[in-house]
Amino acid sequence: VSITYSKDGNLVAILTHQTTYIWSGGQQRVLLGYFKRSQESTDIEGVNEHLVWNNDSSQIVITTNAGFVFFYDIKISKKNLANFKFSMEHHYVKLNNFTNIIITFAFKTLIPRGGANCITSTETQLLIGTKLGYLVSVAWSGELGDVIDLNFIISNGSNFSRLSNKNDQPLIQSEFTCRSPVIQLEFVKKLNKLGIVFEDGSAAFIDFISSIELKGTQIEKFTQFRFSGWLLHGFWLIIGKVNDKKCTRISFNSKYHQIAIGLSNGKVEVFHLSNFQQLP
């Protein structure tokens, strides 16, 4: 289903519909531990879909196709799994640093507003996109935080005049409506921006801005929405129901402050974030 490295790259999680495997992240791949859900659990609460790590690799969170979120604790035992070397010098490999990983189920929760459909994370919280187009914040402790309507947040941004429909006519506010499931979230810490892709092919991004940064700026009057301590300001990139093109993936380049969207026709469009102008 997915392959996800820990934040420091020392561990890698391989997720299947029923089992989670933790491998070493170095050149010598060693299976350190695994956890398999019961058939009853997958029948009732859905199969595994997405996985994220916390910052210190002590926890993983998995979403299922039935909208549930499972929390697991990761513990490293002191018992070495391997402590050997090859006799031939040019095959010298020492593996005495690999230890056993114990994966323990902590708890689970069903996300409101249709259930979890995709997930990303920040240092302090999980950001979950739902099947009804909402964004939900959840603490790593499992405590449910804020819930916002993504359509409302993004449609109240200041970029109505920047987009046009398939007839090259400026979009009006009534056309900025998306009640589609969220299929991808990507949060970039360096930019404090969240990229969003909806199932209908729409794409957008949201600025996560502190009130101090906004004070005295033009954006301040547009930004009235608070979410987990941040002020939010959204922009549509593509509206699936009025554009011929459909977005399938979104990605950021934090060095050059660009955002790229992959389209269903195989093309890629790139925008510069500083002035939100599409690049040639």
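Leaving aside its neighbours within four places in sequence, which residues is T63 in contact with?

## T63 and its surroundings

Let's start with that residue. T63 is in contact (heavy atoms within 4.5 Å) with V47, N48, E49, H50, F68, V69, A116 and I119, once its neighbours within four places in sequence are set aside. T63 sits in strand 6, which covers residues 59–64. Helices (H or I, at least four residues) and strands (E, at least two) are DSSP runs, numbered from the N terminus. With 0% relative accessibility, T63 counts as buried. Here buried means under 20% relative accessible area, exposed means over 50%, and partly exposed lies in between (1.4 Å probe, protein chains only).

## How to read the model

Please keep in mind that this is a predicted model, in which local features need pLDDT of at least 70 and side-chain atom pairs count only at pLDDT 80 or more, while totals for chains, interfaces and linings use all residues. Residues are numbered from 1 along each chain as its sequence is written, and side-chain values use heavy atoms, with hydrogens and water left out.

## Two backbone angles to look at

Most residues other than glycine have a negative phi. S57 is not a glycine, yet its phi is positive, at about 65 degrees. You will find S57 in the loop between strand 5 (48–53) and strand 6, and its 10% relative accessibility makes it buried.

R113 is another residue other than glycine with a positive phi, near 60 degrees. It belongs to the loop between strand 8 (99–110) and strand 9 (116–121). R113 has 42% relative accessibility, so it counts as partly exposed.

## The largest nonpolar core

A nonpolar core is a set of buried Ala, Val, Leu, Ile, Met, Phe, Trp, Tyr and Cys residues joined through side-chain atoms within 4.5 Å. The largest one here has 20 residues, and those with the most contacts inside it are L135, L150, I154, L194, I196, I206 and F208. At least two residues of this core come from each of helix 2 (150–155), strand 13 (182–188), strand 14 (193–198), strand 15 (203–209) and strand 17 (230–238).

Apart from neighbours within four places in sequence, L150 is in contact with G133, Y134, L135, V182, I196, F198 and I206.

## Salt bridges

Side chains of opposite charge can pair when their charged atoms come close. A salt bridge is a side-chain nitrogen of Lys or Arg within 4 Å of a carboxyl oxygen of Asp or Glu, and by this rule the count comes to four. One of them joins the side chains of E123 and K189, at 2.2 Å from N to O. E123 lies in the loop between strand 9 and strand 10 (125–130) and K189 in the loop between strand 13 and strand 14, so this pair ties together parts that are 66 residues apart in sequence. E123 is partly exposed at 46% relative accessibility, whereas K189 is exposed at 54%.

D207 and K193 form a salt bridge too, with their closest N and O atoms 2.1 Å apart. This pair links distant parts of the chain, as D207 is in strand 15 and K193 in strand 14, 14 residues apart. Both D207 and K193 are buried. K245 and E269 also form a salt bridge, their closest N and O atoms being 2.8 Å apart. K245 lies in the loop between strand 17 and strand 18 (247–253) and E269 in strand 20 (residues 268–272), 24 residues apart. K245 is partly exposed, with a relative accessible area of 29%, while E269 is buried at 12% relative accessibility.
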